[in-house]
Structure formats: C-alpha cells, structure tokens
Amino acid sequence: MVKLDSIIKVGAIFKENKIIPKWFIWESRKYEVKSLDFTWEDMQGTEKIIKFSVRDGINSYELAYNTARMNWALENIC
Amino acid sequence: MEKTILHLDMNAFFASVEQAANPSLVGKPIAVGGGIQKGSVVAACSYEAKAFGVTNAMSTWEARKLCPHLIVVIGDMTKYVYISKIITKMMVDYTDLVEVFSIDEAFMDITGTKERFGGEKSLALDIKRRIKERFNLTCSIGIGPNKLIAKLAGELQKPDGLVILKEKDLPDKIKDVPVGKFCGVGKKTEEYLRLLGVKNISDLNRYPREKLVKRFGMAYGEHLWQMGQCRGDTSVLPYFHETPAKSMGHSYTLPKSTSDIEEIDGYLLRLAEQVGRRLRRENYKGSVICASIGTGDYQTSSHQKKIKDYIDDGYQIFKVAKSLLTITDKIRFVSVSVSGLLHNLDQISLFDQQESQKKVLAAVDKVNDRFGEFTIERAAIMKTVLQGKTGMVAPKSYSLLSS
C-alpha cells in the first residue's frame with residue numbers, strides 16, 4: 001500500500017442517498033472508476049469524511065471526501 | 001422458560017473487511033497488522049493464511065516464514081469500527097437486548113422477539129443475509145439457552161456457520177467437543193485438564209465437582225464444573241446500557257528499540273496525553289496510574305501507583321508514569337493506563353493555578369474536537385510522531401458464566 005493524501009478532482013454522481021465516484025484526476029491523468037467496492041465513514045474533529053475503496057481494473061484506490069470542506073483526497077493506492 | 005441467546009461472530013473480521021474493500025485480495029493469504037517491519041505482529045489473518053498455520057498475534061516475520069507469499073495489509077481501525085457499529089444497529093432491528101462482546105462479536109437475547117421473525121433459524125439467516133448483502137462479509141452464528149453455549153455453538157461451524165443447540169440437546173450433542181472450545185478455557189487449562197483425563201465436554205460433565213474445586217480452587221473450579229453442566233449466564237444487557245469503564249489506556253510499539261530517555265519520554269507523554277483526552281471526553285478521572293515498558297524480546301514490566309488525587313490531565317499522568325519507570329535496556333513497547341476511575345467527578349480546586357489549567361485543557365479539547373486530534377498539542381511532543389495508531393487498552397472484561 002502506498003500512502004498519499006493528495007487533493008484531487010473527482011467526478012461523482014449522487015444517487016439514492018449515496019455518492020458514487022465515477023472518475024478522478026491525479027497528476028494530470030484521468031482514472032475511470034470501474035468498481036466501487038467499499039464505503040465507510042470517519043471523523044476528523046467534527047468533519048465527516050466519507051471513504052471509498054474503488055478500482056480502475058488494475059489497482060485499488062482509497063478516495064476520501066471531506067463533507068465539511070467539500071474536497072476529495074486520494075489517500076492510498078493498494 | 002428456556003432462553004434463546006444468539007451469538008454472532010464475524011469471520012476473520014479485519015482480514016475479511018480488507019478483502020471486501022480490495023477484491024484483488026480475495027482468495028489470497030493476507031494478514032492485517034502494522035506492516036512488515038521488525039516487531040510488527042499479525043492482528044488478524046484470512047482463512048487462506050490460516051491454512052498455512054498463520055495465527056493472530058504471531059510476529060509478521062514468523063508468519064512470512066510459514067507463508068512466504070503472505071500479503072501484509074496495514075490495518076485501518078476506522079473501517080472496522082464503522083462496520084461493527086452498522087452491524088450492531090442491524091442487530092437492534094431484531095431486539096433491544098444486544099450486548100457487544102468485542103469489535104466482531106455480540107450477543108442477542110431473542111427469546112421474546114424471535115417469533116416475529118419466523119423463529120430463531122429464520123432470524124439468524126436474515127441477519128447473515130443482510131450482512132452479506134451490505135458488506136459482502138460472512139459471520140458464524142451460534143444459538144443456545146445461555147451465552148456460554150451460544151458462543152460454543154458458533155465455534156463449531158466456521159466460516160459462515162449456523163448452529164442451534166437447545167437445552168434438551170445438552171450435553172449429548174456436544175459431548176465430543178474438546179473442552180478448549182469453551183470460552184474461558186485456555187491452552188494451559190486445557191492441557192492440565194487433559195492430564196486429569198478430561199479431554200472433551202462429556203469428560204468435564206462427568207468429572208466430580210469436589211475434584212475440580214480441589215485442583216483449580218473454589219472460584220475457577222466451580223466455574224469449570226458449571227461449564228461441564230452446560231450452565232451459563234443468560235442475561236444480555238440492552239445495547240444502550242453503558243457499563244462503567246474500569247480503566248483507560250494506550251500502548252505503542254516503537255518503530256525501533258531505543259534507550260534514548262528523551263525519545264521514550266516523548267512517546268510516554270504523547271500516550272499520556274491521549275489517555276487524558278479520552279478521560280476528559282468521557283468525563284472520568286482516575287487515581288491509579290500504570291506504566292509498562294517492553295523490550296525487543298517481548299519481555300514487559302509494569303508498575304502502578306495510587307495517588308491521592310483524581311486526575312485527567314495528560315501531563316500529570318505522564319509525570320506519575322515516568323516516575324514509575326527505570327530504563328536500563330533498549331525499549332520497544334510503551335503503555336500508559338489510568339484506573340480507579342470515577343465518573344462525573346467535578347471538583348472545584350482551591351488553587352488558582354489548577355483552575356487555570358482546567359480552563360486551558362478545556363480550550364485545547366474544544367479546538368481538537370473541532371479540527372481533529374492533536375491540532376493543538378504540547379510543544380514537548382511535537383517531535384514525537386506515532387506511526388500508525390496506538391493500541392487502546394480495553395476497559396471492560398467479560399464473563400460468560402452465571403454471576
């Protein structure tokens with residue numbers, strides 16, 4: 001696992017009370033999300049962070065959405 | 001009336017969660033732990049790893065000797081705690097009487113509610129289905145007339161098992177089960193019982209009570225006898241019941257051994273601050289401070305002291321903890337805990353300095369609540385970074401036997 005914590009751009013759809021990331025851009029390259037495998041939540045102080053484990057068909061990535069600051073981070077690559 | 005107690009045990013929980021989160025790990029031997037560096041241990045492993053002889057609490061180094069292609073995944077407690085809470089909420093859909101036993105086990109008393117769900121088997125299958133659908137995880141469920149038997153039943157079929165034992169089935173249906181399967185019978189006790197000719201539950205069931213008491217003492221001997229008769233605690237506390245904490249603590253395995261006092265003090269202070277923070281957050285103060293250190297060969301020594309005041313200030317905890325320790329060798333492990341707890345003890349100090357200190361701590365806590373742990377911290381611990389999370393010393397201990 002490679003730990004990153006990089007702020008990234010993410011394209012997501014909001015459907016049936018869920019957030020579904022569809023793609024993200026990291027270091028100028030666009031990654032298509034082929035599967036959303038797992039979702040869980042964490043708290044950073046009072047800020048709720050929603051975490052997503054996604055795959056692009058090759059690697060597994062952990063994305064984190066900070067609901068208070070409304071930004072996305074790429075946390076880990078597995 | 002015979003009770004119906006259900007015990008749910010998530011199968012290889014941490015490892016299964018990691019496999020569900022990253023399906024490329026499915027079917028592979030994985031171990032969840034602190035990493036591959038020297039000194040790290042396996043917190044949990046997948047069934048594929050267990051097939052190679054890998055077990056929990058084994059060092060990663062030893063695990064990789066047994067299974068060279070073992071994949072080591074760094075654990076993420078936030079994931080496991082989150083899922084554990086969701087599963088607990090699911091269980092509360094069936095009864096209020098849900099008692100969390102650990103992060104991956106819980107008891108339910110479904111005596112009064114099972115008929116609403118088509119009986120105990122149907123209820124259990126529904127829980128399993130929902131967990132599988134939501135998280136792609138499996139669990140083993142055991143059902144029995146008390147907690148002891150329910151937990152034992154769950155042990156009989158893993159993974160993804162469902163075993164139901166009624167009062168009338170006991171002890172015949174479990175007569176050949178080794179005594180070591182009982183919660184509360186460890187390897188040493190099992191070996192000692194084996195020397196007495198007690199290998200399985202049938203043997204324990206027939207073994208004279210007086211002889212057990214003579215061999216193991218009044219309390220434990222009696223407990224063993226009760227186990228042999230398949231008797232156990234039937235009371236399941238409701239999920240909203242808060243058991244008072246007995247202690248709070250944090251521990252940390254250092255990245256490498258050191259005898260540098262300043263470095264060790266940094267870790268000790270940071271752990272003490274974490275303990276102080278938890279105490280204040282849950283409104284406890286304690287008067288017994290315990291500090292432990294361990295060397296690279298897993299030898300640990302613990303010392304504790306009762307002080308006359310009740311405290312929740314990390315720095316005060318650190319000062320007492322430091323006074324208990326004598327560093328003569330390289331240290332690999334540090335732990336600080338506070339017990340002798342009192343809840344909601346709000347004393348007004350006679351000394352201005354102490355009142356001032358309370359206000360400072362309250363202000364720091366407010367900032368850290370808002371922005372995250374250690375947003376504000378003591379200058380003395382800024383250089384000390386804990387890689388990964390510290391272990392939490394569990395505040396509760398559990399007994400499955402009748403109280």
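Predicted model: local features only at pLDDT ≥ 70, side-chain atom pairs only at ≥ 80, totals over all residues.

Colleague: How many residues of strand β6 of chain A are buried?

Modeller: Buried means under 20% relative accessible area. In β6(A), residues 60–66, that holds for 7 of 7 residues.

Colleague: Which residues point one way from β6(A), and which the other way?

Modeller: One side has Ser60(A), Glu62(A), Ala64(A) and Asn66(A), while Tyr61(A), Leu63(A) and Tyr65(A) point the other way. Both sets are buried.

Colleague: In which sense do β5(A) and β6(A) pair?

Modeller: Strands count as paired when DSSP finds at least two bridges between them. Strand β5(A), residues 47–55, pairs with β6(A) in the antiparallel sense over 7 bridges. Within this pairing, Glu62(A) is the bridge partner of Ser53(A). Their hairpin has 4 residues between the strands, and Gly57(A) takes a positive phi near 100 degrees.

Colleague: What does β6(A) form with β7(A)?

Modeller: The two form a hairpin, with 4 residues between them. Met70(A), in the turn, has a positive phi of about 55 degrees. The pairing of β6(A) with β7(A), residues 71–77, is antiparallel and runs over 6 bridges. Ala64(A) stands opposite Ala73(A) there.

Colleague: Now the helix residue. Is Ser16(B) buried or exposed?

Modeller: Ser16(B) lies in helix α1 of chain B, residues 13–21. Its relative accessible area is 16%, so Ser16(B) is buried.

Colleague: Which residues does Ser16(B) touch?

Modeller: Leaving out residues up to four places away in sequence, Ser16(B) touches Asn11(B) and Leu137(B).

Notes:
Residues numbered from 1 in each chain as written. Chains lettered and ligands numbered in written order. Heavy atoms only, no water. Buried < 20%, exposed > 50% of the residue type's maximum accessible area, 1.4 Å probe, protein only. Contact = heavy atoms within 4.5 Å.
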